[in-house]
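User: I have a new structure open and would like a walk through parts of it. Can we take it piece by piece?

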Amino acid sequence: MSRLHAPRDLTSLLAPRSVAVIGASDRSRWSQVAFANLSPPGFSGTLHLVNRRGAVAHGRPCAVSCAQIGAPVDVGVVMVPTDAVAAAIEDLAAAGGRHAVILSSGFAELGESGRLEQDRIAAIAREAGVSVLGPNSLGLVNYLDGVALWTAPYRKPQRPGTIAVVSHSGQVAYHLANVARHQGVALSHLVTTGNEMDLDATDFVAHLIADDRVRAIALYLETVRRPERFVQVARQAGAAGMPLVVLKIGASEASARTAQAHTGALVGDDRAFDAMCEQYGVVRVHALEDLVITADLIARTGVLRPGGLGLMSNSGGICGIAADAAAKAGLPLPQLSPATVGALGEVLPDYATCQNPLDITGAAAADRALFEHTLRVLAADRAFGAVVCFGDLPASRAESDESLLAGLMHMGRAAQAADIPVLVMNCVQRDVTPEGQEIAAEYRLPLVAAGLDRGLAALGRAFRWSQFQRGGQRPREAARVGSVQVPLPCSEHTVLQLLRTHGVPVVPAVLAGSAQEAVDAAQRLGGAVAVKICSPDIAHKSEIGGVALDVRGPDAVREAYARVLAGAPPQARVEGVLVAPMRPRGLELIVGVSRDPTWGPMLVVGLGGIWVETLQDVALRQLPVDAQDVAEMLQGLKAAALFRGSRGAQPVDIAALARTIARIGDLALALGPRLEALEINPLRVEGNGCEALDALLVIGAQPPEEEPR
């Protein structure tokens, strides 16, 4: 394993026995807060204060350097001016310090000069064997072990939890912690990585996956600095059954600019990141609340069994609203089995309708045990992977009554007895008060306080994550193509020959260097033909009038030959024209591979021809892929119904088509790191066959080798 992918030992960073605050001062608000957070009874280790002037800070004498402490230091919290950070790291290393948390800002987020200084300090730390969190980081909190290397106000929770938060932004982390507190979600860790000079989010994810006290990891990302490492930890999380839930900015140009100004991050293509999440089982959300709520919900449900969702309320109106929200979230609502209908008929009043969602009617107001009886019946139906009962948790006992509490008690009993997750969900989002948490704990309520709409959306993500987990991480078939060299520059004729050589059916196009050769080719092919200019310098032929369609007869071929060549720019290298038989209208796909600057070669499959830009119905996957991957891409398209055939068209052989597209992906990989784009548009599909009608290959300069971090 290369250093790029090697795990980092963060044990003594997350649970240090000794900490030095470097730059301690009564005049610094950051220092005051850090000192308070690391003082008893919170931190049980040894705290040292360092100030190069040797002053007294926070009522305690300061050492002038870490070396003067004369005792081991696990972590140094660095809050000195930017120009003093390098000296502070060297001093920490001289004292045997292993980790630094750098609060100081003024580095890569300021541009090139700041980036150079950040790189210089990173080199110093790397040479000294000191791992660095930051710079521009508020630090971290380990709630499980009572460690708050945190330079912002810190509120100790009622109890530590199982949800770890890792965030590029300190302020975002602060808000996520508040969301968790208001929703009654207990955190295990809160880590802010800042500019990621050394340690990045994936280092902490890898460490947290191995901590059996953590049940889910919530990530706020502005960029992915090491994409190979991200894929690796996503695979590790999947293998460990650890949900990774991610909120990443970059869907808009404005957010991309903001990220670059904030931490010097380049966000990359948002569609490619979406595809990566889908490919590797990472759950993506787009709101702070959803990040916490989804991570917490999946942590509690775990991998759901196959099936749909059962919904229950004592309100028909809530049932209707919930059904719409479930449909929006992609949650299937199976019909009740005959056995379930029969069992419900024994406990529900005659006027109740046994269906999903189930309205147990106002009879539940008179008999609160009805909640328990019906939930037990629903949870026993094998059609369901989970059941949700709607019932609001009171903020206090004072605003409740005995009847309401009895209903909660019965819900809790049914949930504890069930073999599948039974969740009690608030109808509207509300804060969970400390007393409300006590009530939920007393009745062992599996509470989701996010409200109906947000709660069901989170549950929809849990169902999709579970489906991915149940599928497992199957081994992919290795690409069968070795390295491939192509002559440059590369015209369409060359690309079609290359595709044919590697098992991709292509239209029988003939290269003609004269009008008579074009006529002869058309006669051999028979019927109507297409005539296209062939030049390695002209990618978009139709834009210069370089394409003539449905050409019939020798005279028309000669005229088309002259016409398609007439629009060629003077500097273009022209090989002649391609003459190919016209094909009847049919299903056309685009199959392409482009090199994403972050994720490398990405396969794109979707509706092609004139529909590419209009509908943008495409699926993306990182290469390599095999035929099964491609089949899943095809079946995930909105236009997938077209593959089943319509209006007399033959159904498409998805397996055969997927094998052909996988070979295109293999070829793209074999073309090596200089490949910028390989595109077949359209790939005509009919029945059990397909044919590339047009192709483009772009080969760039040799990319520079990446330096290892």
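**Strand, cavities, salt bridges, helix**

Analyst: S18 is found in strand β1, which covers residues 18-22. Helices (H or I, at least four residues) and strands (E, at least two) are DSSP runs, numbered from the N terminus. This is a predicted model: local features need pLDDT of at least 70, side-chain atom pairs count only at pLDDT 80 or more, and totals for chains, interfaces and linings use all residues. Residues are numbered from 1 along each chain as its sequence is written, and side-chain values use heavy atoms, with hydrogens and water left out.

User: Is S18 buried or exposed?

Analyst: S18 counts as buried because its relative accessible area is 7%. Buried means under 20% relative accessible area, exposed over 50%, and partly exposed in between (1.4 Å probe, protein chains only).

User: What does the side chain of S18 reach?

Analyst: The S18 side chain reaches the backbone oxygen of P72 at 2.8 Å and the backbone nitrogen of D74 at 3.1 Å. A polar contact here is a pair of N or O atoms within 3.5 Å; within protein, one must be able to donate a hydrogen and the other to accept it, and residues adjacent in sequence count only if both atoms are side-chain atoms.

User: And which residues does S18 touch?

Analyst: Leaving out residues up to four places away in sequence, S18 touches F43, T46, H48, P72, V73, D74 and V75. Contact means heavy atoms within 4.5 Å.

User: Changing topic. How many cavities of 30 Å³ or more are there?

Analyst: The count comes to three cavities of 30 Å³ or more. On a 1 Å grid over the protein atoms alone, a cavity is a set of points where a 1.4 Å probe fits but cannot get out, and lining residues have an atom within 4 Å of a point. Grid points are joined across faces, edges and corners, and a volume is the space filled by probe spheres set on the points.

User: What lines the largest cavity?

Analyst: The largest cavity holds about 90 Å³ of space. Its lining has 14 residues, of which A201, T202, L221, V224 and F230 lie nearest the centre. Two or more lining residues come from each of α7 (201-209), β12 (216-221) and α8 (227-240). The most come from α7, with three residues.

User: What classes are in that lining of the largest cavity?

Analyst: Seven residues are nonpolar, three polar and four charged. Ala, Val, Leu, Ile, Met, Phe, Trp, Tyr, Cys and Pro count as nonpolar, Asp, Glu, Lys and Arg as charged, and the others, Gly among them, as polar.

User: Which residues line the second largest cavity?

Analyst: The second largest cavity, with about 60 Å³ of space, is lined by Q183, V185, I293, D296, L297, R300, L447, V448, A449 and A450. The elements that give two or more residues are α11 (288-301) and β19 (447-448). Helix α11 gives the most, with four residues. By class, this lining has seven nonpolar, one polar and two charged residues.

User: D296 and R300 are both in that list. What do their side chains do?

Analyst: The D296 and R300 side chains meet in a salt bridge at 3.1 Å, N to O. A salt bridge is a side-chain nitrogen of Lys or Arg within 4 Å of a carboxyl oxygen of Asp or Glu. D296 and R300 are four residues apart in helix α11, so about one helical turn separates them. D296 counts as buried because its relative accessibility is 13%, while R300 counts as partly exposed because its value is 35%.

User: How many salt bridges does the structure hold?

Analyst: It holds 28 salt bridges. One of them joins the side chains of R461 and D290 (3.9 Å, N to O). That pair links distant parts of the chain, with R461 in helix α18 (residues 452-471) and D290 in helix α11, 171 residues apart. Both R461 and D290 are buried.

User: Where do R583 and E691 sit?

Analyst: The side chains of R583 and E691 meet in a salt bridge (2.8 Å, N to O). R583 is in the loop between β23 (576-581) and β24 (587-596), and E691 is in strand β28 (residues 689-692), 108 residues away. R583 is partly exposed, with a relative accessible area of 33%, whereas E691 is buried, at 14%.

User: Last one: which residues are buried in helix α23?

Analyst: In α23 (residues 627-635), D629, V630, A631, M633 and L634 are buried. The buried residues of α23 pack against β24, β25 (600-607), β26 (618-622) and α24 (654-670). D626 caps the N-terminal end of α23, with a side-chain oxygen 3.2 Å from the backbone nitrogen of Q628.

How values were computed:
1 Å grid on protein atoms, 1.4 Å probe; cavity = no way out; pocket = protein on both sides within 12 Å on 5 of 7 lines; lining within 4 Å.
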